[in-house]
Amino acid sequence: MQDIWHFPRTELTKKLTNAIRYNIIHSFTLFAPRRIGKTYFLNYDLKPALDELGYKTIYFSFADQIGNHLQQFKNSLASNIDRTIFAKLKVKEISFPWCKVVISQNTPFADLSILELLSILAHEAEKRSSQIVLMLDEIQELIYVDNAEGFVGELRTALDLNKNYVKVIFTGSSRYGLRKMFSDNKAPFFHFGTSLKMEPFGREFTDFLAKTYHSITGKHIDEEQFYQIFSKLNFVTLSIREFLSFYMMCQDISLEDAYKGFEAEIFDKNGYVSYWNSLIQAEKILLLGLVNNFQNFYSEKFYDFVFHNYHIEITQGRVQNALNKLLKQGDIHENDNGEYEIEDLFMKRWLESRKDEPGIV
Ligand SMILES: Nc1ncnc2c1ncn2[C@@H]1O[C@H](COP(=O)(O)OP(=O)(O)OP(=O)(O)O)[C@@H](O)[C@H]1O
Ligand SMILES: [Mg+2]
């Protein structure tokens with residue numbers, strides 16, 4: 001589907017397509033915070049570019065699956081196998097050094113193993129003198145799936161053995177999850193592939209949106225002010241687009257006022273009050289520590305702050321449990337500088353605006 005607001009990531013597209021075309025790397029991890037545009041990039045930039053070069057792309061998101069992730073993934077691979085090519089070539093059996101697959105008219109492909117499925121797809125690509133690019137979105141979701149280790153190990157072996165014909169791009173946003181999967185010495189994807197950081201857009205993006213807005217409505221947006229709002233929104237692509245939609249629905253209102261209305265609407269819509277009430281005391285204290293610029297939650301200074309402001313004596317054990325839980329739930333993450341951050345920017349803003357209210361804990 002066309003999107004009139006699409007701002008192409010030309011350089012990143014070129015970098016990736018070149019790396020694939022010239023066989024430089026067979027596996028990448030595209031890594032960016034939430035809502036920056038990873039999924040959008042795969043579908044709106046990379047896929048069309050690869051299609052044009054004659055690659056077959058298979059997109060699969062581990063985040064959207066309900067039920068058995070492994071089976072869904074196999075179904076997706078199976079649905080991409082072109083039976084006609086085997087019929088045409090009268091292929092009845094394919095032998096690989098690592099497996100042999102018998103193919104009949106009604107072979108239930110979805111029952112095969114990942115290694116068999118990827119090997120068949122690789123074989124098919126070879127026959128077409130082409131290659132397959134697997135786009136595996138939100139791979140880190142697998143760490144929440146029971147017994148995922150076997151699946152991940154199998155996937156890695158299958159990709160390794162078929163790397164001449166199957167390239168793979170992983171994406172992920174949960175740094176905690178990705179780190180677990182890609183950097184942990186014991187994780188099967190350790191050292192598998194190169195990681196690329198997808199940078200948030202800068203001024204060029206808001207200027208482009210303002211220009212598009214002008215071409216649609218004939219009205220001007222103050223580009224500097226608009227960029228400042230993007231900066232307030234932490235350069236999150238989705239948020240500035242949502243803000244623009246909100247602004248377009250307002251009648252003759254300044255950007256500033258529209259921003260205030262937008263933020264208030266989000267606070268309300270996201271139900272931060274009930275989220276806050278669902279937290280236990282130690283979790284609340286940790287989040288309040290973060291908006292008060294604390295990072296070391298085991299320091300005397302932090303315990304003094306908690307006692308002084310909330311009259312609570314907190315223990316190291318409780319702090320540690322709360323920290324682990326918030327990290328695991330993705331409510332907070334560690335940024336590239338190793339600092340803890342609240343994941344949801346608006347939640348952070350909401351808490352900042354209420355942190356000194358009596359009875360907040
Ligand atoms: N290049 C772009 N041009 C215009 N809008 C974009 C672009 N990239 C992303 N967006 C907007 O940002 C939204 C969020 O993008 P997307 O869903 O791809 O983010 P994501 O990084 O995959 O997020 P998540 O971490 O939730 O999976 C898109 O729905 C789209 O509105
Ligand atoms: Mg996504």
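Predicted model: local features only at pLDDT ≥ 70, side-chain atom pairs only at ≥ 80, totals over all residues.
User: How many helices and strands does the protein have?

Analyst: Helices (H or I, at least four residues) and strands (E, at least two) are DSSP runs, numbered from the N terminus. Here you get 16 helices and nine strands. The C-alpha atoms fill a box of roughly 75 × 60 × 35 Å along the principal axes.

User: What share of the residues count as buried?

Analyst: The cut-offs first: a residue is buried if 20 or more other C-beta atoms lie within 10 Å of its own, exposed if 12 or fewer, and partly exposed in between, with C-beta atoms placed from the backbone. Of the 361 residues, 26% count as buried.

User: Which strands pair with β5, and in what sense?

Analyst: Two strands pair if DSSP finds at least two bridges between them. Strand β2 (residues 56-61) runs parallel to β5 and is joined to it by six bridges, with Ile58 opposite Leu134. Strand β6 (residues 166-172) also pairs with β5 in the parallel sense, over five bridges; there, Leu136 has Phe170 as its bridge partner.

User: What handedness does the unit of β5, α6 and β6 have?

Analyst: A crossover is right-handed if, with the strands pointing away from the viewer, the path from the first strand over the helix to the second runs clockwise. The β-α-β unit made by β5, helix α6 (residues 148-161) and β6 is right-handed.

User: How do I read the nonpolar cores, and which residues have the most contacts in the largest one?

Analyst: A nonpolar core is a set of buried Ala, Val, Leu, Ile, Met, Phe, Trp, Tyr and Cys residues joined through C-beta atoms within 7 Å. The largest has 31 residues, and Leu118, Leu121, Leu136 and Val166 have the most contacts inside it. Elements giving two or more residues to this core include α1 (10-21), α5 (114-127), β5 and β6. Its largest share, six residues, comes from α5. There's also a second, separate core of 16 residues, which includes Leu287, Val306, Val319 and Leu326.

User: What does Leu136 touch?

Analyst: Two residues are in contact if their C-beta atoms, placed from the backbone, lie within 7 Å. Skipping residues up to four places away in sequence, Leu136 touches Phe60, Phe62, Val168, Ile169 and Phe170.

User: Over at α13, which elements do its buried residues pack against?

Analyst: Helix α13 (residues 281-291) is mostly covered, with eight of its eleven residues buried; among them are Ile285, Leu287 and Leu290. The buried residues pack against α14 (300-310), α15 (316-329), β8 (332-334), β9 (340-342) and α16.

User: Is Met347 buried or exposed, and why?

Analyst: Met347 sits in helix α16 (residues 345-354). It is buried because 20 other C-beta atoms lie within 10 Å. Leaving aside neighbours within four places in sequence, Met347 is in contact with Tyr272 and Ile342.

User: What should I make of the phi angle of Asn293?

Analyst: Most residues other than glycine have a negative phi. Asn293, in the loop between α13 and α14, has a positive phi near 65 degrees. Asn293 is exposed, with 6 other C-beta atoms within 10 Å. Asn23 also has a positive phi, about 55 degrees, and lies in the loop between α1 and β1 (27-31).

User: Last one: which residues are closest to ligand 1?

Analyst: A residue counts as near a molecule if its C-beta atom, placed from the backbone, lies within 6 Å of it. Ligand 1 is surrounded by 16 residues, the closest being Gly37, Lys38, Thr39, Tyr40 and Ser173. Helices α2 and α10 (237-249) each give two or more residues to that shell.

How values were computed: Residues numbered from 1 in each chain as written. Chains lettered and ligands numbered in written order.
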